Amino acid sequence: MSLQKQVMDKMKEAMKAKDTVALQALRAVKSAFLLAKTETGVQAEITEEQEIKIIQKQVKQRRDSAAIFIEQGRQDLADPELAELAVLEQFLPEALSEKEIESVVITTITKVGASGMKDMGKVMGIVSAELAGKADGKTISTLVKKNLM
């Protein structure tokens, strides 16, 4: 079942349960899906990879907003963001641990023969494609830098 279908099913459940937080998060994802479909130059249906990227973007927005609100001492604003974040994360594949990501990074560095920071882009491209949806770019970047130095 596609992620769009899963989101719609969860939306129906949230409506029946009168869960406003989940409903708000799911509507935002549905809106992002529709926006991606209508962008110029995009085929009529979006791929599962694109769906995952859209949800990851929504999750990152919620996480960043919550971090800013907490930093400013506004827990009342951070709580809804964190609740929406929990709703959205259920649609993403299981995230890898830092050790698992690092082993992929090290393997890729060895395979490519990367020797320094000049090869970071090459390594990042391969690792990011391999771990799409399973790890965020910031973590991958940090581990690539650490292992290339």
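What follows is a short chat about a predicted model of a protein chain.

Visitor: What elements are in this protein chain, and how many?
Guide: The protein chain has seven helices and zero strands. Helices (H or I, at least four residues) and strands (E, at least two) are DSSP runs, numbered from the N terminus. From the N terminus on, the order is α-α-α-α-α-α-α.

Visitor: Anything to know before we dig in?
Guide: Residues are numbered from 1 along each chain as its sequence is written, and side-chain values use heavy atoms, with hydrogens and water left out. This is a predicted model, where local features need pLDDT of at least 70 and side-chain atom pairs count only at pLDDT 80 or more, while totals for chains, interfaces and linings use all residues.

Visitor: What box do the C-alpha atoms fill?
Guide: Roughly 55 × 45 × 25 Å, taken along the principal axes.

Visitor: And how much of the chain counts as buried?
Guide: Of its 149 residues, 34% are buried. Buried means under 20% relative accessible area, exposed means over 50%, and partly exposed is in between (1.4 Å probe, protein chains only).

Visitor: What share of contacts comes from residues 24 or more positions apart?
Guide: They make up 57% of the contacts with a separation of 6 or more. A contact means heavy atoms within 4.5 Å.

Visitor: Let's pick a helix. How many residues does α2 have?
Guide: α2 has 19 residues. From first C-alpha to last, α2 reaches 27 Å, close to the 27 Å expected at 1.5 Å a residue. That expected span is 1.5 Å times one less than the number of residues.

Visitor: Which residues of α2 are buried?
Guide: A22, L23, A25, L26, V29, A32, F33 and A36.

Visitor: What covers them?
Guide: The cover includes α1, α3 (48-71) and α4.

Visitor: OK, α4 then. How do α2 and α4 cross?
Guide: The axes of α2 (residues 20-38) and α4 (residues 75-89) come within 9 Å and cross at roughly 65°. Axes are lines fitted to C-alpha atoms, for helices over the stretch in contact, and angles run from 0 to 180 degrees between N-to-C directions. The crossing is right-handed. A crossing is left-handed if the near helix is turned anticlockwise from the far one by less than a right angle, and right-handed if clockwise.

Visitor: Which residues make that contact?
Guide: From α2, V21, A22, Q24, A25, L26 and V29. From α4, P80, A83, E84, V87 and L88. By class, that is nine nonpolar, one polar and one charged residues. Here Ala, Val, Leu, Ile, Met, Phe, Trp, Tyr, Cys and Pro count as nonpolar, Asp, Glu, Lys and Arg as charged, and the others, Gly among them, as polar.

Visitor: Which other residues of α4 are buried?
Guide: Besides E84, the buried residues of α4 are A78, E81, L85, V87 and L88. Their cover includes α2 and α3.

Visitor: New topic. What about K18? Where is it?
Guide: K18 sits in the loop between α1 (3-17) and α2. K18 is exposed, with a relative accessible area of 71%. Its phi is near 55°, a positive value in a residue other than glycine.

Visitor: Why point that out?
Guide: Most residues other than glycine have a negative phi.

Visitor: Who takes part?
Guide: M120, V123, M124, V127 and S128 of α6 meet G137, I140, S141, V144, K145 and L148 of α7.

Visitor: Last one. What does T108 touch?
Guide: T108 lies in helix α5 (residues 98-112). Not counting residues up to four places away in sequence, T108 touches V123, I126, V127 and E130. T108 is buried, with a relative accessible area of 1%.
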